[in-house]
Amino acid sequence: MYRFAVFDVVCRDVAQTRPLGLRCREKLEALLAEAPEDQVVVVSFDGIDVMSGSFTDEFLGKVITAKVAGLTGRSPLLITDLNEETAEEIELCLGRRKMPAVWVQGGTARLLGGDEALKETFDAGVRRSEFRASQLAEDLGTTAQNMNNRLRRLLDAGTLVRARHDPSGGGREFLYRVPEIPEEDVSLPQ
Amino acid sequence: MCGVRIRLGSNEPLHHPYIDIAATDEADAVFDATHMAFASPLDLVGLTSWASALRALGNAVLLISPQSGDVRNYLARMNVISHLESFGVALDRPAPNIHRNDRTRVLIEVRHLSDSDDVEEFSQDALALLRQHISRHDAAVASKILGELLDNATSHAKSATGVFVCAQVYRHGHELELAVADAGVGVQTHLARNPKYRNLNEVEALEAALLPGVSGTSEARGNGLSDLLALTSGYGGKVVLRSHGGHALVTTVNDLRAFQAGTHIPGTCAAVRIGIPTSSPGNMA
C-alpha cells in the first residue's frame, strides 16, 4: 500500500485555494505514477477539517478525472479519514464531474461522486464482496453490456479491482471486488 | 490639477451602490471619510484596496479622517491606517495612538494577502475565530464560504496591490461579516475570457457570476460564487458583491437578488454577513 497524507502537504486543518490543490495534486500524481498496478494508493485526509470546493476540485477532482482518462497509472485509489464536511465536499465535487471515488472508513466502503447508476452498482458489489459482471447485472436487472460499461467506469477510476477467472467451459471472465486497505504501509517521502 | 473627491457616507458606504464623487484640486484622489459613522469589514477592505490601487498607479492620494474619534480609532485599530500609509497614502492628520487589547475572539484586522500561503494562514485564523462563535459544522461551512471568496480574489484577480481581508463579529446584532477586496481585473473582464460571456456588461457579468458553472476559463468550474450563496442561505444573511461599475446584493434567506450599476471601483470587493446563534459563547461573554 502507498499512503498519501494530505495534511503533510497542507500543514493546516483548512485547505482553501486552487494553488494548494495543485500542489497536492502534483504530489499525488507523482505517487500514482510510481505505484505498481497491484498496490493500493490510500489518500488520507486525517487532520483536514475544512476544504473549499475550489481546493477539492483542483486536487481530487482533477486527479480522478486524469485517472479515468488513463493518465495517472492503474493502481486502485482509496480515500480515508474524512469527516462529515470533507466527505460532503468531495461528494459535491466528484458528483459535478460525474467521477467516482471510494471512501473507506470504519470497515465500510462507500462511493463518493459518480452518478446514481454507479452508486447502485458499487453498493451491489459491496454486498456480494466478490462478483462477476453477469451476477451484478442479474441483481440489478440490467443487461450485461450495461453492467460491463458501469464496471469499466468504476475500474478506470480505481474504485474496483479485478482478477481474471476464466470459466471451465471456456471464454474469459473477471472477478471484481472493492479494494481494501492492506495492513502494510509504504509511505513515499513527500 | 483635477482630481476626485470620494465622499464616503456615514453608514457602511461601500454597501451602497452609489458613492458621491466630485471634482477636487486637493490631490489626484481624496477619500473623504469626514462623516463616516459606521464601517463594516467590507468598507475597511474596500477603502484600503481602492486607495492603495490608486496610489500604486502613481496618483497622489489623501485620506480625510473621520470627524468621530471613535471611528478614527477604529480605522487605526483595524490596521486600515497602517496599510494606507505603507502604500504611500497621505493622511490629513497623524494616526491616533491606540491601545490594542486582545480581540482575537471577535475580529481579524485588515490583513494584506499577497500569495496563496497568506490566504491559507488567514483561513486558519478565520476558522479559529468562527469556532469561537458557531458550531464546528457551521464554522466549517463559513470557512468554505470564505475560501470561495479568497480563491476568486487570488486566482482570477491578480492585482498589483494584492488582496485585503477582514472579519468581525457584531455581538449586538448577532452577526459575523467576512470581507475580501482586490484591485484586479474585475468580474466582467474575467468572464469575457470565455467567449460565451464576452458581451456582458458589468452588471450582467455579476448576475452571471452568481450562477453555477459560469467561469472565465474553459474548464468545467465556476461554481464558487453560487456555492457561496447556497452555503449562506441557511444563515439568514446577505452577500454584497461589487466589481468595477456593477453592484449586487443578495439576501440569502429568500435568495432575493438585486443587481444595478454603481460607482466604479477598481477590482472587486465582496462581503458575506451571516447570523450567529445568540447562545454562542461569544454572545454570552
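Are A:Lys62 and A:Glu58 buried or exposed? Select both. A:Lys62 is buried, and A:Glu58 is buried too. (Buried means under 20% relative accessible area, exposed over 50%, partly exposed in between, with a 1.4 Å probe and protein chains only.)

Before moving on, note that this is a predicted model, where local features need pLDDT of at least 70, side-chain atom pairs count only at pLDDT 80 or more, and totals for chains, interfaces and linings use all residues. Residues are numbered from 1 along each chain as its sequence is written, chains are lettered from A and ligands numbered from 1 in the order in which they are written, and side-chain values use heavy atoms, without hydrogens and water.

**Stop 1: inside chain A.** Stay on A:Lys62 and A:Glu58. They form a salt bridge, with the closest N and O atoms 3.1 Å apart. (A salt bridge is a side-chain nitrogen of Lys or Arg within 4 Å of a carboxyl oxygen of Asp or Glu.) Both sit in helix α3 (residues 53–68) of chain A, four residues apart, about one turn of the helix. (Helices are DSSP runs of H or I, at least four residues; strands are runs of E, at least two; both are numbered from the N terminus.)

**Stop 2: across the chains.** Select A:Arg18 and B:Asp151. Their salt bridge has its closest N and O atoms 3.8 Å apart. It runs from helix α2 (residues 18–34) of chain A to helix α5 (residues 136–157) of chain B.

**Stop 3: another crossing.** Select B:Arg131 and A:Asp49. Here the closest N and O atoms of the salt bridge are 2.7 Å apart. B:Arg131 is partly exposed because its relative accessibility is 26%. A:Asp49 counts as buried, at 16%.
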